[in-house]
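Here is a short report on selected local features of one protein chain. Please look at the backbone, the side chains and the helices in turn.

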Amino acid sequence: MASLFLSRQMTFGIQQKTRLLVSCCRYIGQTTEKKNQFDFEYDSPLMKTQVPGPKSKELIRQLNTIQNADAVNFFCNYEESRGNYLVDVDGNRMLDLYSQISSIPIGYNHPALVKVMQQPHNLSSFINRPALGILPPENFKEKLEETLLSIGPKGLNQVITMSCGSCSNENAFKLIFMWYRSIERGHNSVTKEELDSSMINKFPGCPDYSILSFMGGFHGRTMGCLATTHSKPIHKLDIPSFDWPIAPFPKLKYPLEQFVKENLDEENRCLEEVEDLIVKYRKKKKTVAGIIVEPIQSEGGDNHASDDFFRKLRGIAKKHGCAFLVDEVQTGGGATGKFWAHEHWKMEDPADVVTFSKKMLTGGFFHKDELRPDAPYRIFNTWLGDPSKTILLAEVLNVIKRDDLLNNAVLAGKVLLDGLLELQIHYSHIVSRVRGRGTFCSFDTPDDATRTKLIFQARNKGVVLGGSGDKSIRFRPTLIFKEHHAHLFLNIFNDILANFK
């Protein structure tokens with residue numbers, strides 16, 4: 001990008017900084033060939049009204065009569081949405097870099113998935129949703145092997161499906177507690193005292209274990225998960241919680257190459273606090289049975305740590321006999337350039353449990369053999385996921401492999417990240433701490449008000465973005481987000497920044 005920038009200077013002479021950046025970005029955008037462009041996708045945004053438009057506003061008003069609809073941004077026309085483009089009910093067509101909070105793997109209405117839905121032999125799986133724990137369909141094991149187990153994390157051969165990310169983490173906690181209690185019990189039979197006391201929420205049937213989590217982490221909104229979620233007060237306000245340990249997560253300084261020592265010291269400080277908390281809670285008789293962490297803290301502000309930090313954290317878990325749970329609900333599925341973000345750590349034994357959802361279309365978790373429940377109904381609910389989602393996931397995985405979409409995330413992510421870094425140089429008063437892996441990118445704004453205004457302005461220019469943390473803007477495009485999509489976004493966003501007041 002720098003060489004192109006300089007060549008433009010040499011050709012046209014030195015111009016004003018803002019004008020030069022516009023020329024640079026547009027030069028790149030116009031000369032990027034649209035390779036492998038999907039014939040089902042639109043070419044560009046098309047805006048007809050402000051967003052939300054009049055139809056959306058009316059539908060929000062109607063919905064608000066029966067539930068709190070204050071979080072609704074706008075209503076969508078999913079039939080008309082295509083690929084990376086989301087269409088709203090007012091006919092506005094927007095380049096979607098948020099993809100339903102990071103949950104659309106291969107775009108809207110992908111032809112491969114439409115074809116799956118049209119095949120008669122798949123109909124019964126979509127019509128009939130069974131209670132999988134007691135009455136699974138004949139091909140259920142085969143479908144799990146074809147899908148989830150084919151891309152399962154290293155060393156985790158067991159998988160249990162769930163309906164969402166929260167219930168995936170919630171039940172993973174239960175799995176860890178059962179495993180830890182089994183070890184303490186010495187694998188002996190459960191006593192009558194344990195059975196009876198469990199019915200009245202007392203020890204020893206209900207041991208006072210804990211899960212260690214990190215400030216800034218988000219792991220769901222169910223009761224157990226809320227004890228490990230520390231991203232926004234609105235998630236937790238008024239809800240009773242557990243006394244579980246909360247460790248600081250590293251707050252890295254950027255650019256990373258300029259703050260190597262400071263960031264190493266910060267990570268070591270956090271790791272020391274993790275060990276101190278484990279010891280402290282053991283003394284309080286609230287033993288830490290497990291540690292949960294995101295490879296990139298997503299809702300909490302797209303907070304990163306070094307690969308070495310996670311390797312050392314894994315070592316601490318082993319040292320103290322804690323299960324290590326990696327929450328890949330948002331990072332899993334390929335956006336970082338690896339199918340699982342924890343693969344970047346390059347570890348032989350990276351985790352004991354890995355939870356997933358979002359881009360995987362179904363929720364659930366992988367786990368080691370030794371954590372397998374020792375009796376029926378211990379990890380159970382009515383649906384335990386949805387077998388129709390494994391049918392769709394099978395085709396998603398075929399498309400990812402066929403179209404080399406993990407590598408695409410690396411290439412498109414580089415264009416996006418390089419472009420954001422260039423914008424940071426020219427608009428440092430608005431854009432700072434640019435960071436990312438693959439297309440899983442983000443940057444900080446000066447404050448929440450600026451962040452909100454930028455997101456609204458981008459939306460009205462035909463780009464859907466999302467916020468995270470106190471003042472970050474995050475990028476969560478689909479896996480079919482290409483380099484030319486990145487250039488298109490950078491052109492639009494540069495114009496917004498150049499005129500931002």
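L361 is partly exposed in this predicted model. L361 sits in the loop between strand 8 and strand 9 (363-367). Phi of L361 is near 70°, a positive value in a residue other than glycine.

D302 also has a positive phi, near 50°, and is a residue other than glycine. The loop between strand 6 (288-293) and helix 13 (307-319) holds D302. Is D302 buried or exposed? D302 counts as buried because its relative accessibility is 0%, and the cut-off for buried is under 20%.

|---|---|---|
| V51 and P52 | about 5° | P52: between helix 2 (17-31) and helix 3 (54-63) |
| F203 and P204 | about 5° | P204: between helix 9 (192-198) and strand 4 (210-214) |

**Around D349**

D349 lies in the loop between strand 7 (323-327) and strand 8 (353-356). The relative accessible area of D349 is 21%, so this residue is partly exposed. The cut-off for buried is under 20%.

Which residues does D349 touch, leaving aside its neighbours within four places in sequence? They are R314, K318 and K368. With K368, the side chain of D349 makes a polar contact of 2.8 Å. R129 is another matter: D349 and R129 are 35 Å apart in space, C-alpha to C-alpha. In sequence, 220 residues separate D349 and R129.

**Two helices that cross**

Two packed helices are described by the angle between their axes and the distance between the axes. Take helix 16 (residues 448-460) and helix 17 (residues 483-498). Their axes come within 10 Å. The axes cross at roughly 130°. Helix 16 and helix 17 are therefore oblique to each other. The crossing of helix 16 and helix 17 is right-handed.

Which residues make the contact? Helix 16 supplies L454, Q457 and A458. Helix 17 supplies F493, I496 and L497. How do the residues of this contact divide into nonpolar, polar and charged? Five are nonpolar, one is polar and none is charged.

Key: Residues are numbered from 1 along each chain as its sequence is written. This is a predicted model: local features need pLDDT of at least 70, side-chain atom pairs count only at pLDDT 80 or more; totals for chains, interfaces and linings use all residues. Side-chain values use heavy atoms; hydrogens and water are left out. Helices (H or I, at least four residues) and strands (E, at least two) are DSSP runs, numbered from the N terminus. Buried means under 20% relative accessible area, exposed over 50%, partly exposed in between (1.4 Å probe, protein chains only). Contact means heavy atoms within 4.5 Å. A polar contact is a pair of N or O atoms within 3.5 Å; within protein, one must be able to donate a hydrogen and the other to accept it, and residues adjacent in sequence count only if both atoms are side-chain atoms. Axes are lines fitted to C-alpha atoms, for helices over the stretch in contact, and angles run from 0 to 180 degrees between N-to-C directions. Angles under 35 degrees count as roughly parallel, over 145 as roughly antiparallel, 65 to 115 as roughly perpendicular and the rest as oblique. A crossing is left-handed if the near helix is turned anticlockwise from the far one by less than a right angle, and right-handed if clockwise. Ala, Val, Leu, Ile, Met, Phe, Trp, Tyr, Cys and Pro count as nonpolar, Asp, Glu, Lys and Arg as charged, and the others, Gly among them, as polar.
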